[in-house]
Amino acid sequence: MNNSTRERLFRLILLLPIAIFLVFAFIVPMGMMLSNSARHFDPLLGATEGWSAEYYQAVFSDPFYWSVIAKTGYLSLAAVLVCILIGYPVAVCLVLFQGRHRTIIYTGLLAPLFVSAIVRTYGWLILLGQGGPIQSALPWLGLSPMTRIIGTETAVVIGLVHLFLAMMVLPIAASLRNLDPAVLNAARIHGASPVRVYTRVIFPLSLPGVLSGAVAVFALSAGAFVTPAILGASKVRVMSYSIWEQFSVLHNFGQGSVLSIFLVVSVAAVVFLASSTLRSKNA
Amino acid sequence: MPEISHAMTASPAGRRNRRPAGMLAVRAGLIGFSYLVLVFMVAPMLTVIASSFTSTNFIRFPPVGFSFKWFVAAIQDETLSYTLLVSLGLATACAVLSIIVGFLAACGLSMSQFRGREVLTTFFMSPLMVPVIVLGAAMLQFFASLGMLDTVGGVLLGHMLVAVPYAIRLVGVSLDGFDWDLYRAARNLGASEIVAVTRVVLPSAYSGIVAGATFAFIMSFDEVTISLFTTGTKVQTLPVTIYRSVEYSYEPVIAAASSITVGIAALALIAIFGSLGIERVFGAEETR
């Protein structure tokens, strides 16, 4: 056996543990879900022989699920928009400033990623809940003090933005940082004002970063469970909540699998569309 | 970055003094806004921590009085202290196993070009593309058929599924500049594969291994959604316990337990940033 054959064999051995792991913990479970979505379940016998589209029909003919799908998309889009609006200036700061400010902003943005989503959501539950500081401040805003925030779509969007803001800021900062200074100098030398340099050069060139951040935040928001479940207080019905309900409360594995597959496919479609847009723009 | 800030702030000669006040205002506005966003980012954690010091018998924010009694209660609470130990044990096991699998995979991907490498890399990252709620549901069905629900192994596999891709990526980044001819030289000089990897490759990947293992630890320690499906009455993690309590009760003891997890996360954060620097850890994330 010569050296390069031996090296190829060794590479195969190196990749073996991850392959076995992914097949056992990922491929087979996902495949099982796919197969369960197209079978009939008997409460006593479990999955029966043969194929059936009954769960697909049950889900897609039910207007309730369409409203759940629409709400998931709409709340995720809302989270994306808020993240762009408040994340863009932060990304500019990360690129514009050096030293202390930059370190503080980086730390404040990234440190929460090390805290469990459940604890972060719990914090919002206290802040937004009955008797919490924000609830108590409502009369100052001219709202009834009895207005409930927990259980509303607003609460869910606040929680989602808090969870995923960093995933918006980092790609925007990266695209700003990769700007070619020669392009900016050229614009300046030709007499463009700073505002014009920003609106006509910097902003358009940062859009790929905005798009990849938007895709990340959308995909993560559409799949988030803990935050919509707790801040939505079971009243804001999104897909992840329906999936949880089907599996853990109603034990309807068939419908749960159909909803899961729909969620995966639609998130993947969004990611794919956005990344092909990115690629065609870069080419 | 200095070039950009220069282009955005410095005016060409002759117009030097026309806009500085405006630019200063823009800079001050940006900084002020960013600090407001930072307050938004840290507010929930500070709220949880502050609430656990309340002396009242229910959650009050701002807290009333000052007392450690809820921390004492959290430690003395059998479920909370037991699930904390389970979580710490699982996170340690997840870190060790994920970094072993991840290091081997990153070596396999990095040692030479080969057909299908891109596809394999995408495949190894693919668990991150699937929403965790779906991963949990898929594991529930599969583990139910194997009798692996509510076992340490089942919960651990769920945690590793989200930790291993990060381990591969972080080790991969640290191996980016590694010259595999050094490994081949060691082999030619008579070292076995195992010796060559552990004595030549491993030290070069050190920073990635530390970062990857710490990430895997934290991913596991924080994980709640997949665990909701795979845990049960015998094996339960602390985040799952907190999730179930938060739904129904407003006891400050849950806030105290949550604060303890924030403290542990902070220790991991200090360990990872102290040894590597914040930008190196997240540089990988930014340029992917």
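**Inside and outside a predicted complex**

Start with one residue, Val134(B). Setting aside neighbours within four places in sequence, Val134(B) is in contact with Met30(A), Met33(A), Ile243(A), Ser260(A), Leu263(A) and Val264(A). Keep in mind that this model is predicted. The predictor gives the complex an ipTM of 0.92 and a pTM of 0.90.

Now widen the view. Val134(B) belongs to the largest nonpolar core, which has 172 residues. Val134(B) is among those with the most contacts inside this core. Ile18(A), Phe21(A), Tyr122(A), Leu176(A), Phe225(A) and Tyr243(B) are listed with it. Which helix gives the largest share of this core? It is helix α3 of chain A, residues 63-96, with 16 residues. Another core, of 20 residues, lies apart from the largest one. Met111(B), Ala167(B), Phe178(B) and Trp180(B) are among its members.

Next, the surface. Leu9(A), Leu12(A) and Ile13(A) make a nonpolar patch of about 300 Å². Take Leu12(A), which lies in helix α1 of chain A, residues 3-37. Is Leu12(A) buried or exposed? Its relative accessible area is 58%. Exposed means over 50%, so Leu12(A) counts as exposed.

Last, look at confidence along chain B. The mean pLDDT of chain B is 87, and 88% of its residues reach 70 or more. Two stretches need care. Over residues 9-17 of chain B, pLDDT stays under 50, and the model has nine contacts beyond four places in sequence for them. Residues 284-288 of chain B also have a pLDDT below 50, with 11 contacts beyond near neighbours in sequence. Where pLDDT is low, predicted coordinates should not be read in detail.

Methods. Residues numbered from 1 in each chain as written. Chains lettered and ligands numbered in written order. Predicted model: local features only at pLDDT ≥ 70, side-chain atom pairs only at ≥ 80, totals over all residues. Heavy atoms only, no water. Core = buried A, V, L, I, M, F, W, Y, C linked by side-chain atoms within 4.5 Å. Buried < 20%, exposed > 50% of the residue type's maximum accessible area, 1.4 Å probe, protein only. Helix = DSSP H or I, 4+ residues; strand = E, 2+ residues; numbered from the N terminus. Contact = heavy atoms within 4.5 Å. pLDDT = per-residue confidence, 0-100. Patch = residues over 30% accessible without salt bridge, like charges linked within 9 Å, V, L, I, M, F, W, Y side chains within 5 Å. Areas by Shrake-Rupley, 256 points an atom, 1.4 Å probe, with all protein chains shown as cover. Salt bridge = Lys/Arg side-chain N within 4 Å of Asp/Glu carboxyl O.
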